[in-house]
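This briefing goes through chain contacts, sheets and helix packing. Please keep the sequence and the structure at hand while reading.

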Amino acid sequence: MKMTVEFDICKGCGLCVTACPKRIVEIQHEKLNKKGYYTAVCIDQDACIACTMCAMMCPDCAITIRGGEK
Amino acid sequence: MPDFNKPHALTDIPLHYCPGCTHGIVHRLVAEVIDEMGIEGDTIGICPVGCSVMAYDYFNCDMIEAAHGRAPAVATGVKRANPDKFVFTYQGDGDLAAIGTAETVHAATRGENITVIFINNTTYGMTGGQMAPTTLPGQVTQTTPYGRSTDVEGFPVKVCEILSQVSGVALAERVTVTDPANVRKAKAAIRKGFEFQKNKQGFSLIEVLSTCPTNWGKSPVESLEWLKENMIPYYPLGVYKEGAIR
Amino acid sequence: MERMLMKGNEALAEAAIRAGCKCFFGYPITPQTEISAYMAKRMPKVGGVFLQAESEVAAINMVYGCASSGIRCMTSSSSPGISLKGEGVSYIAGSDLPAVIVNVMRGGPGLGGIQPSQSDYWQATRALGHGDFQNIVYAPSSVQEMADYMGKAFDMADKYRMPALILADGLLGQMMEPVVFEDKEIKMSDASGKPWATNGHGNKRPHNIINSLYLQADELEQYNVERFKRYEKVKEELPELESYLCDDAEIVVAAYGSVARLAKAAVEQARAEGIKAGLARPITLYPYPEKELKAACKTAKKVLVTEMSMGQMVDDVKLALECRLPVEFFGRTGGVVPKPSEILAKIKTMKGAE
């Protein structure tokens, strides 16, 4: 798991979605968090290159990136 | 490949800002610079009145809440008594460029060794979207319902342009956070400001063009587009003044 | 002991430095400008900071910042300037910070005049700024007291974590008298003993926050209630009043500051003419020395309040005496200084009317 979104911190603003060069971040529309937002998710962890661009654009520090050992 | 974690200089308290508000990005950039310079224990931050009024809860360094517009005067008081500490203010456009114009300009003329983070989103966000000193000509706000008329409300205040003429200024730079590349540049500018402060080389101000999706009535992503199309032409990005004054 | 001949404003400034005041933030206004000028000369020599701000508003907010970092600091101004400082004083009080403000009063309202006055009594004791708060008010009456109460103001501001005001007037500020200072090494204050100070946590403690914003009504109420509990202590411990010839006085003159000196001359003259007059001089205007005033008036039949104002202290005197004695007023205002002969004439009229 490279990119994780803290479920209850995310406000679903979508800035990470536009920032992702791999187009693998989406706003899920299945489950609301405790603040009442649909949140961002990474739909393909294997495709994630840990470029951190989504996290850079996140206004809520909701995104953590683990670049791995490489 | 790099990791990305929340900087230590930010507390664990969730930010209260509206979804997509770029305050959060700028908070993080300031905190990252504080972390990277290892100065959290020696930094005192001053919050304004406006949306970021509660920033004292978000930064892990010592924090002071100032009266509307007075942050540069409060910062001066802290800095003069504690010249070896780092002092920054974090202010919006109403706070800095309307009610606090005198405090801003005079802290700059004195060359106070402080760093001012100036959020320009062309609106008074906290009170619900009234005209700010930086509201663009024609822009509709709660108090300019027919659009800002320069005949009636005058022209937007261009803070970096004004400060570029002030001798005490070591750094006046305008940046934005519309995309990762600009976020990187914004962080570099903030770092530069703190470095000037570290070396006691004068007043530094970093103006960050920001969004207010809620009061602009746009989605966070549309807001960034609006910023690029409307604000950047009026408020060109770049360095307006750079160089140690002492 | 060091004995010097000084202006009241200068003695006050020197006393502040000797009390460890490290930073002075000023703005020119008559008749207090000597304080700034003295500080500008002296502060750099003793390792302190003098800064002329861009406005009174900026100066008091510099005090707010400096006091937040736990450093003894002050500002001074005169009446119109004090109105501008109201914002900052309220924030200082709301954030429980110690700081000293000096008002060398001149005539008002508005731009008023530049002659001495006491017409900021209400402002000083009731509403130096918005919100539920009080500040200590000392009213010195001589150049020596300008010095003595300056030091005390810093000590009490620190002790109770609240702003303290020195309420002087143009007469006291400008007059020259001998003043004695204790021999004491000048030591600029630091933040020691102030664990709440925002001076950088040094990675040794959680971050401190200086703030007066509480959006939850219950929380704000609680802070205000706690602050007023502290004021109860202040009211017990701080009241001061000088009582002169009051033991058998039939007419007690209540006056503070420079006017008390004029009243004293009138009282002495009245005594010489066989009238049992006395002087009760409140030194603290907040807390008001109610018990002390009542004690000074125990043999009195009438009380005369005399001020350089339209009678702003009269209500406090009536409250202290629970309206049990007739209280009359004689004052001059707008910068006119009452003559002892005028006060004496009023005493005689009151005596004659018995």
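How many of the eleven residues of helix α1 (residues 8-18) of chain C are buried? Eleven of the eleven are buried, and the helix is mostly covered. The model is predicted. Of the two pairs of chains in contact, chains B and C share the most contacts, while chain A and chain C do not touch.

**Helix α1 of chain C**

- The buried residues of α1(C) are Gly8(C), Asn9(C), Glu10(C), Ala11(C), Leu12(C), Ala13(C), Glu14(C), Ala15(C), Ala16(C), Ile17(C) and Arg18(C).

**Sheet of chain C**

- Chain C holds an open sheet of seven strands with mixed pairing, in the order β3-β2-β4-β5-β7-β6-β13.
- The edges are β3 (49-52) and β13 (284-286) of chain C; each has a single partner strand, so one side of each lacks a neighbour in the sheet.
- From one strand to the next, the twist averages 20°.
- Within chain C, strand β6 (residues 136-138) and strand β7 (residues 163-169) pair in the parallel sense over three bridges.
- In this pairing, Ile136(C) stands opposite Ala164(C) in β7(C).
- Helix α2 (residues 33-42) of chain C lies across β2 (23-26), β3, β4 (73-77) and β5 (99-105) of chain C, and it runs at about 140° to β2(C).

**Helix packing within chain C**

- Helix α3 (residues 56-68) and helix α4 (residues 79-94) of chain C have axes that come within 8 Å and cross at roughly 25°.
- That angle makes α3(C) roughly parallel to α4(C).
- The crossing of these two helices, α3(C) and α4(C), is right-handed.
- On the α3(C) side, the contact is made by Glu56(C), Val57(C), Ile60(C), Asn61(C), Val63(C), Tyr64(C) and Ala67(C).
- On the α4(C) side, the contact is made by Gly81(C), Leu84(C), Lys85(C), Glu87(C), Gly88(C), Val89(C), Tyr91(C) and Ile92(C).
- The contact of α3(C) with α4(C) has nine nonpolar, three polar and three charged residues.

**Contact of chains B and C**

- Chain C gives 35 residues to the contact and chain B gives 29 residues.
- On the side of chain C that touches chain B, at least two residues each come from β2, β3, α3, α4 and β9 (209-210) of chain C.
- The largest share of that side, eight residues, comes from α3(C).
- By class, the side of chain C that touches chain B has 16 nonpolar, 16 polar and three charged residues.
- Helix α2 (residues 71-81) of chain B meets α3(C), with axes that come within 6 Å and cross at roughly 50°.
- That angle makes α2(B) oblique to α3(C).
- The crossing of α2(B) and α3(C) is right-handed.
- From α2(B), the residues in this contact are Ala73(B), Val74(B), Ala75(B), Thr76(B), Gly77(B), Val78(B), Arg80(B) and Ala81(B).
- Their counterparts in α3(C) are Ala58(C), Asn61(C), Met62(C), Val63(C), Tyr64(C), Gly65(C), Cys66(C) and Ser68(C).
- The contact of α2(B) with α3(C) divides into ten nonpolar residues, five polar and one charged.

**Sheet spanning chains B and C**

- An open sheet of eight strands with mixed pairing has the order β9(B)-β7(B)-β8(B)-β4(B)-β3(B)-β1(B)-β2(B)-β9(C).
- Its edge strands are β9 (238-242) of chain B and β9 of chain C, and each pairs on one side only.
- Strand β2 (residues 62-65) of chain B runs parallel to β9(C), and two bridges join them.
- Met63(B) is opposite Ile209(C) in β9(C).
- Within chain B, seven bridges join strand β7 (residues 169-176) to strand β8 (residues 203-209), and the two run parallel.
- Val175(B) has Val208(B) in β8(B) as its bridge partner.
- α1(B) lies across β1 (43-47), β3 (86-92), β4 (115-120) and β8 of chain B, at about 165° to β4(B).

**Chain A with chains B and C**

- The contact of chains A and B takes 23 residues from chain B and 25 residues from chain A.
- α1 (23-37), α6 (180-198) and α8 (220-234) of chain B are the elements that give two or more residues to the side of chain B that touches chain A.
- α1(B) supplies the largest share of this side, four residues.
- By class, the side of chain B that touches chain A has 14 nonpolar, five polar and four charged residues.
- The nearest C-alpha atoms of chain A and chain C are 20 Å apart.

Technical notes: Residues numbered from 1 in each chain as written. Chains lettered and ligands numbered in written order. Predicted model: local features only at pLDDT ≥ 70, side-chain atom pairs only at ≥ 80, totals over all residues. Axes fitted to C-alpha atoms, helices over the stretch in contact; angles between N-to-C directions. Parallel < 35°, antiparallel > 145°, perpendicular 65-115°, else oblique. Left-handed = near helix turned anticlockwise from the far one by under 90°. Contact = placed C-beta atoms within 7 Å. Nonpolar A, V, L, I, M, F, W, Y, C, P; charged D, E, K, R; others polar. Pairing = 2+ DSSP bridges. Buried ≥ 20, exposed ≤ 12 C-beta atoms within 10 Å, placed from the backbone.
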